[in-house]
Amino acid sequence: MGQARPSMQELIGRRSRAGFVGRSAERAAFRANLDIPPEDERHRFLFHVHGNAGVGKSFLLRELEQVARERGALTAFMDDTAGSVPETLEAMSRQFAAQGRRLKDLDRLLAAHRERRHEAELAAITAPPPEPPGPTVGSMAVARAGLVGLGMVPGVGAFAGAVDAAQLAQGADRLRSGLGARFRTHEDARLVLAPESVLTPVLLEELSQAASAVPWIVLFFDTYERTGRFLDAWLHAVMTSDLYGPLPATVVVVTAGQLPFDATRWGGFGDFMTDVPLLPFTEAETRDLLAGRGVVAEPVVGEVLRLTGGLPVLVSTLAESRPTDPADVRDPSATAVEWFLKRAEDAVQRSVALACALPRRLDADVFRAVVGDSDAELDGLYAWLRGLPFVSERGGRVRYHDVVRAPMLRLQRQEAPRTWAARQQALAAVFREWRAEAEAGRDAEELWTDEAWRELRLAELYHLLCAGERAALTSVLGDVVDACEQGESVAERWAWVLVEAGSDAETRAVSQWGRRLAAALGSGGTPAALELVLRATGFERTPVPAGAAATVVTGYGGAAAAATGLGAGAAGWGAVGVAGWGGAGAAGQGAAGAAAAGSSREEAAGSGTGGAASDRPARRPGTASGAATTRPGTSAGARSRETQQPASQDQRAEPSRAEPQGEHTEVPQAVPQDQRAQPTWAEPQDQHAQLSWTVPQATTSPGTPWQDASADAGWRVALDPAVAARAYRARAIAHDLAGDRRAAVALLNQALELAPDDPRSLALRGEYHRVLGRHDEAISDLDRALELNPADAFALASRGATRLSREGLDEALADLDEAVRLKPDYSWALMRRARVHRALGDHVRQLADLDRAVAVDPDWAWVRCARGDALRAAGRDEDALADYDHALAREPDYNSARASRGASLANLGRHEEALADLDRVLTANPSYTWAADQRAAVVRNMAAEPATPARSAGTDEARARHRDGQA
């Protein structure tokens with residue numbers, strides 16, 4: 001059988017490489033590095049190529065990839081078609097598979113990541129009308145703060161009361177609004193909320209296996225000025241620390257972007273990397289390129305050298321036209337468009353190329369919308385366009401090189417401003433129509449999780465802004481409020497569309513808005529962006545207290561975060577003090593703070609660590625919500641002992657509720673110091689403006705926007721009160737995460753002034769009131785929320801919990817019954833109802849609810865431990881041991897379960913085993929009084945042997961009260 005013919009892509013690649021000239025020094029250095037063994041101190045593990053747009057970085061990387069393959073290397077080439085670390089790993093795995101090396105374990109985990117993420121997004125789709133209560137708004141913020149506390153966000157350092165807010169942007173790409181998905185395990189939660197922490201160790205194991213079969217593995221990361229936002233800290237951790245495991249020494253990494261590497265992060269890596277700044281071609285390289293295209297006449301070559309300054313993209317474009325006379329080499333700074341389109345054979349091609357510069361990106365559909373109806377001629381024109389030297393294809397879409405597109409836009413805007421505006425409006429109408437089609441039969445929650453819809457919306461807004469539509473700026477700011485719920489990475493895209501549209505249309509007011517938003521997101525995360533929008537539109541007029549902004553953004557351990565199991569005390573996921581991770585609810589709420597708040601003696605027991613914190617194992621952060629949901633008066637450290645139940649598909653809005661406990665857990669390990677500093681990736685490299693965030697001056701009345709004197713006239717902005725209310729609600733959740741629930745209530749007061757009948761804000765404020773011990777106010781808000789939305793299981797369960805705290809057992813039972821009827825798998829409500837049954841003396845129904853909770857969440861350690869306690873109280877110690885063992889298998893550092901297991905072992909006469917468990921608990925937490933009492937009883941019983949070990953029902957009941965925070 002004859003040898004297979006090469007593919008079109010292979011032939012194109014060969015011809016491109018055959019025409020590659022210049023960069024001989026860079027290619028030689030890279031080639032020589034592959035001849036040096038990793039153990040040799042001359043070997044370099046990292047090459048960073050950087051330079052201005054148009055300097056030929058991508059072309060060089062492709063050439064270096066070919067050099068690596070010629071040396072037998074396994075290679076992968078990633079660029080900004082990937083928008084996150086998991087997407088980058090998917091691209092890497094696909095390319096390795098195409099070279100005969102499958103990463104099977106990684107592929108399996110990536111598939112699980114996509115599935116769990118889909119479940120989270122499905123939760124938003126299936127949420128019942130009306131809109132779920134406030135926790136839906138907070139789900140992103142809760143998980144975001146939780147990830148920081150876990151040390152799972154690459155680049156975020158240890159807290160010392162607060163964290164540099166600029167670092168929070170790294171983990172936002174992983175946070176979507178679907179935190180209500182039913183995560184069954186801690187691993188499931190991490191796979192969605194912090195996928196790098198799960199995927200990277202597997203990647204490194206598979207790279208180690210691959211390294212035994214190939215001499216080198218070379219990873220290329222292009223367009224690093226865009227992808228560095230989410231890759232830089234992760235890549236640094238992979239290469240310089242053992243956070244994820246060992247990296248084979250035969251891996252070489254090559255990055256390329258417009259920016260140099262961040263010296264703060266990579267400065268200590270200088271002896272192991274090669275910095276490759278790309279400058280314009282030298283005269284010799286320019287001559288080589290021109291000669292390769294047949295341009296050798298000296299007058300022509302001299303003119304090209306003079307006019308292009310050696311910028312490769314301009315040299316290559318001019319060479320494509322193969323000029324034979326200096327008169328043909330025109331000044332690209334004055335008539336660049338004519339020369340970029342030198343290959344255009346007629347006016348039609350020229351018009352098509354100019355018109356297709358208007359969209360930021362093109363596919364066949366957008367091309368037809370720009371040019372006209374579909375026919376064979378248009379197909380040929382599209383093929384011609386894709387072959388132009390300044391057009392590149394990424395992810396199935398084509399885009400013009402920035403150096404070429406900018407003068408094309410400028411030419412059209414200056415020559416025919418009315419035509420420019422009309423074409424921009426027409427394109428906006430096309431994208432608006434496509435967006436409307438995508439919205440059919442779907443709600444807003446679902447749409448915001450749809451990447452295709454977001455792209456259509458951004459394109460529509462971009463073209464409206466370019467057309468000079470003043471109202472579009474207000475539309476963008478309204479969208480920013482909703483985008484902030486999806487995380488910094490999504491909100492950044494709305495900021496970026498303002499920067500792009502302002503630059504392309506030369507509308508300074510628009511670009512300034514984009515830069516302000518980008519700066520706010522970079523320095524303070526989404527809360528800072530929301531505050532900027534509220535202040536700039538005249539709603540927020542109060543001065544910012546010193547240090548408050550940092551606390552809002554970076555304080556960790558607020559009630560909502562703690563209660564989801566991502567806050568204080570969850571098997572190392574916790575917050576226990578300012579010096580640890582505590583935020584506002586930490587050091588100031590230790591023994592003194594707890595006492596002042598009316599906390600129980602168990603809560604104050606942990607005062608030596610800045611507040612009582614527990615070892616409650618991390619619950620699946622499935623029902624992430626902004627609601628602070630703890631027993632009134634508890635400190636932030638104490639609250640997290642009970643963790644929020646995992647929500648069903650439609651429970652995305654369910655709140656997190658935490659219980660005070662007396663145990664103490666370890667503080668999560670801080671991210672290394674060298675991972676803290678991060679560059680700001682929101683700005684293009686050619687922008688040198690400071691990215692400081694300046695809060696605009698307050699205006700005289702709410703809703704009256706400020707006017708920047710330096711901005712273009714007529715670009716005033718306004719915000720719908722309902723949108724402003726959502727922004728206040730989101731900021732309230734951020735304050736709760738910082739442990740300041742009083743400030744959160746104040747912000748919700750402002751939200752409800754603007755939207756008094758918003759059931760989500762009412763339910764959320766009611767829950768905050770409950771946390772603060774304001775039971776009357778809580779009942780009032782929750783009653784009103786339920787009048788507006790009687791099917792709100794969150795509000796019902798919260799009201800039931802409030803009534804339980806007021807000892808209104810019958811009313812509490814009625815509310816919790818209804819909450820469970822509405823959501824039969826609502827584990828938190830089942831657990832709370834079990835307490836009501838226990839208080840009523842109905843232990844049969846108590847155990848029945850616990851059984852149901854276990855059936856819903858068999859791997860939730862807290863549920864298992866609670867049922868074990870009930871079984872132990874009923875004298876069923878063998879059955880109780882099975883539950884404790886299951887809980888400890890999931891969370892080995894869960895001290896309460898281990899202490900309870902010690903008690904059951906003692907009841908069964910297994911004293912040595914009981915002592916081993918209790919000693920381990922007391923070593924971890926010497927102030928754990930209940931465990932100390934149990935140990936003393938075991939010692940007494942051992943001394944009295946062979947007598948039957950005594951059993952104290954009173955002690956068991958005290959233990960149960962202690963666990964539930966009911967003492």
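Start by selecting helix 4 and helix 8: the two are roughly parallel to each other, a term for angles under 35 degrees, with over 145 counting as roughly antiparallel, 65 to 115 as roughly perpendicular and the rest as oblique. The model is a predicted one, in which local features need pLDDT of at least 70 and side-chain atom pairs count only at pLDDT 80 or more, while totals for chains, interfaces and linings use all residues. Residues are numbered from 1 along each chain as its sequence is written, and side-chain values use heavy atoms, with hydrogens and water left out.

**The helix pair**

Helix 4 covers residues 85-98 and helix 8 covers residues 195-211; they pack at an angle of about 25°, with their axes 10 Å apart. Helices here are DSSP runs of H or I with at least four residues, strands are runs of E with at least two, and both are numbered from the N terminus. Axes are lines fitted to C-alpha atoms, for helices over the stretch in contact, and angles run from 0 to 180 degrees between N-to-C directions.

Now show side chains. On helix 4 the contact is made by Val85, Pro86, Leu89, Met92 and Phe96, and on helix 8 by Pro195, Glu196, Leu199, Leu203 and Leu207; contact means heavy atoms within 4.5 Å.

Next, select the open sheet of five strands, which has the order 2-3-4-1-5 and parallel pairing. Two strands pair if DSSP finds at least two bridges between them. Strand 2 (74-78) and strand 5 (273-277) are at the edges with a single partner strand each, so one side of each has no neighbour in the sheet. From one strand to the next, the twist averages 10°.

Zoom in on strand 1 (residues 46-50), which pairs with strand 5 in the parallel sense over five bridges. Phe47 stands opposite Thr274 in strand 5. Then bring helix 4 back into view: helix 4 packs on the sheet, touching strand 2 and strand 3 (217-221), and its direction makes about 140° with that of strand 2.

**Two single residues**

Select Thr250, in the loop between helix 9 (224-240) and strand 4 (251-257). Is Thr250 buried or exposed? Thr250 counts as buried, at 19% relative accessibility; buried means under 20% relative accessible area, exposed over 50% and partly exposed in between, with a 1.4 Å probe and protein chains only. Neighbours within four places in sequence aside, Thr250 is in contact with Pro38, Ala211, Pro215, Trp216 and Ile217.

Finish at Asn941 in helix 42 (residues 929-943). Asn941 is buried, with a relative accessible area of 15%.
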